[in-house]
Amino acid sequence: MSDRPSTQPGCMQPRSALFWVYCLVIAGGALGLLIQLLPIALLTWSGILVGLPFTLATLAVIAWVLLRLDLFRAHRPIRGWLTMGFVWGAAAGPGIAMYANDNNMRVIQNLAGDAFAMNWQAPISAAIVEEAVKGAGVLAVAWLSRPLLTRPMHGLLLGGFTGLGFQVVEDLTYEADAGLNSAQNDIGTAVMVGVLRLATGVTSHWMLTGLAGIGIVVALAATDWSLARRTAVFAGFYLLGAALHFGWDAPQPEDAGIGDMARRTLVYILVFVVVYAWVVRTEKRWFRRTVETVEAEGLAPRGELETLISHRSRRRARRAQQVPRRQASHRQRQLLDWVQTVGIRLGTPFTRSDGPATAPEPTL
């Protein structure tokens, strides 16, 4: 993982077979989604239009949350790759998952019987199929981007945006189905579905695939770890996301209400917070190593970069400066983006192993 990339890989890679597989799967998944959804959409288009503002609100809110979680603006150098993940989640994921879920649930029904399948076929199939489809997209993008995506935060962002793409399209399909399932094709049903999906969006696909993305990116990038350790990290994070997916879709008691949903949501958020705390620790370790290197080489003034280590220290630094707040904030964003660029060129590791000792040329 400490090898320095001489050039950063571009998103368009016509010489890569995997890139063309990615494109074909996107096209095939989008076509499959269109074939399955268009007949329903023609009947319930009004419900989709009514629910669309809630879907767009979900997109905006969760995207804001993901970027807010990105303490050091790690998304800036990898925006194209995050877009590729989002496109996979939105275009390839739902179409493939709808087809695979239908077939998978029939298999479960045939093997376990109608009584078992009635309660358990949906959570079992969704946890297997949907997480596999989204995870495959994260793996493809992470592989194509090598050696650019190397840190747990990269995995969280890539998985998060891939899951978000899946989430917003799934919301549209739920809103379309709501009108179809309503006896009077009542658009009020679509509104209720939109509101519910927005309210529960905080623990939806973006979080589940974000957790899996951490494991996928770390397993690919941490080449200084043993194969067994990388496999364990991948399996742990991926299965955590799948288990949370299963738990959310699992049947609840008949008397379960909003309170039960709120408690489940709180548990899921607490699990995510624990994982995110570890991700932030690795980011701070990476940031400090990069700053130490560039300061030792004289490429940055000593002291200023250390003030960027947390939101609190940045606020203190802005208050201490005799410049307008907007100007100070802009300067801090520039510094963070510069550190991201230099850290990638250095190949600074997030692990506890020693990083590179020599910095590249760009200066402040």
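Student: What volume does the second largest pocket have?

Tutor: About 400 Å³. A pocket is an open set of points on a 1 Å grid over the protein atoms alone where a 1.4 Å probe fits, with protein on both sides within 12 Å along at least five of seven lines. Points are joined across faces, edges and corners, and the volume is the space filled by probe spheres set on them.

Student: Is this predicted or experimental?

Tutor: The model is predicted: local features need pLDDT of at least 70 and side-chain atom pairs pLDDT 80 or more, while totals for chains, interfaces and linings use all residues. Residues are numbered from 1 along each chain as its sequence is written, and side-chain values use heavy atoms, without hydrogens or water.

Student: Which residues lie nearest the centre of the second largest pocket?

Tutor: Arg-68, Arg-73, His-311, Arg-314 and Arg-333, out of 15 lining residues (those with an atom within 4 Å of a point).

Student: How does that lining divide by class?

Tutor: Eight charged, four polar and three nonpolar. Asp, Glu, Lys and Arg count as charged, Ala, Val, Leu, Ile, Met, Phe, Trp, Tyr, Cys and Pro as nonpolar, and the others, Gly among them, as polar.

Student: Changing topic: where do α4 and α8 meet?

Tutor: On the α8 side, at Tyr-238, Ala-242, His-245, Phe-246 and Asp-249; among the α4 residues are Trp-120, Glu-130 and Glu-131. Contact means heavy atoms within 4.5 Å. The residues of this contact divide into ten nonpolar, one polar and three charged.

Student: Which residues of α1 meet α3?

Tutor: Tyr-22, Val-25, Ile-26, Gly-29, Ala-30, Gly-32, Leu-33 and Gln-36. Their partners in α3 include Trp-88, Pro-94, Tyr-99 and Asp-102. The α1–α3 contact has 15 nonpolar residues, four polar and one charged.

Notes: Helices (H or I, at least four residues) and strands (E, at least two) are DSSP runs, numbered from the N terminus.
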